[in-house]
Amino acid sequence: MELANYKACICEGSAENAIMDILLDYNLLIFNREEMIEEEVIRCREAKKFEEKYLRKGFKDKISVIRILDSRGENFKLSKAYAGKVDVINVVTAPEIEMLIIHNENKYKEYKKSRKKPSDFCKEDLRMADVKSYRFVKSYFADPMVLVAAIKKTS
């Protein structure tokens, strides 16, 4: 699928938002901030609120909405008025963004043995209390090549 001229990137949580900001800041995606609505990542989970705040601005062309979320079950149903004008692309980050940190710390074997959720493993075993916060993730991956390496390790 080819992306439309206008793009909206919607993130579910703070950690996802931080990852997207890093990727955008270092031009590591197939689109850039200048192509995005309001040139920033949007934190809006409900389709109706997204329509009200962003789609009523009268865009002439189609819009690609790229949703970054950690579960497949989240519904994002646009009204019929916008359904034909918007392509929704869901990017599921399951299991969790914290897996990037676990792989980067070379702790995957220990994580598997622990039978914990990735976020709990990071908090308890790696002593990263703020692992889900924007500030922590942005700081942890301040070097974008560390992020790229962690992504490659999970693939």
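The chain has 8 helices and 3 strands, where helices (H or I, at least four residues) and strands (E, at least two) are DSSP runs numbered from the N terminus. Walk along the sequence and you get β-α-α-β-α-β-α-α-α-α-α. Keep in mind that this is a predicted model, where local features need pLDDT of at least 70, side-chain atom pairs count only at pLDDT 80 or more, and totals for chains, interfaces and linings use all residues. Residues are numbered from 1 along each chain as its sequence is written, and side-chain values use heavy atoms, with hydrogens and water left out.

Now for the inside. Of the 155 residues, 43% are buried (under 20% relative accessible area, with a 1.4 Å probe and protein chains only). A nonpolar core is a set of buried Ala, Val, Leu, Ile, Met, Phe, Trp, Tyr and Cys residues joined through side-chain atoms within 4.5 Å. The largest one has 31 residues, and Ile19, Met20, Ile101 and Phe141 touch the most other members.

H1 gives the most, with 7 residues. Apart from this core lies another, of 15 residues, including Ile37 and Cys44.

What does Phe141 contact, leaving aside its neighbours within four places in sequence? Its partners are Ile19, Ile22, Leu100, Ile101, Val146, Leu147 and Ala150, contact being heavy atoms within 4.5 Å.

Methods. Buried means under 20% relative accessible area, exposed over 50%, partly exposed in between (1.4 Å probe, protein chains only).
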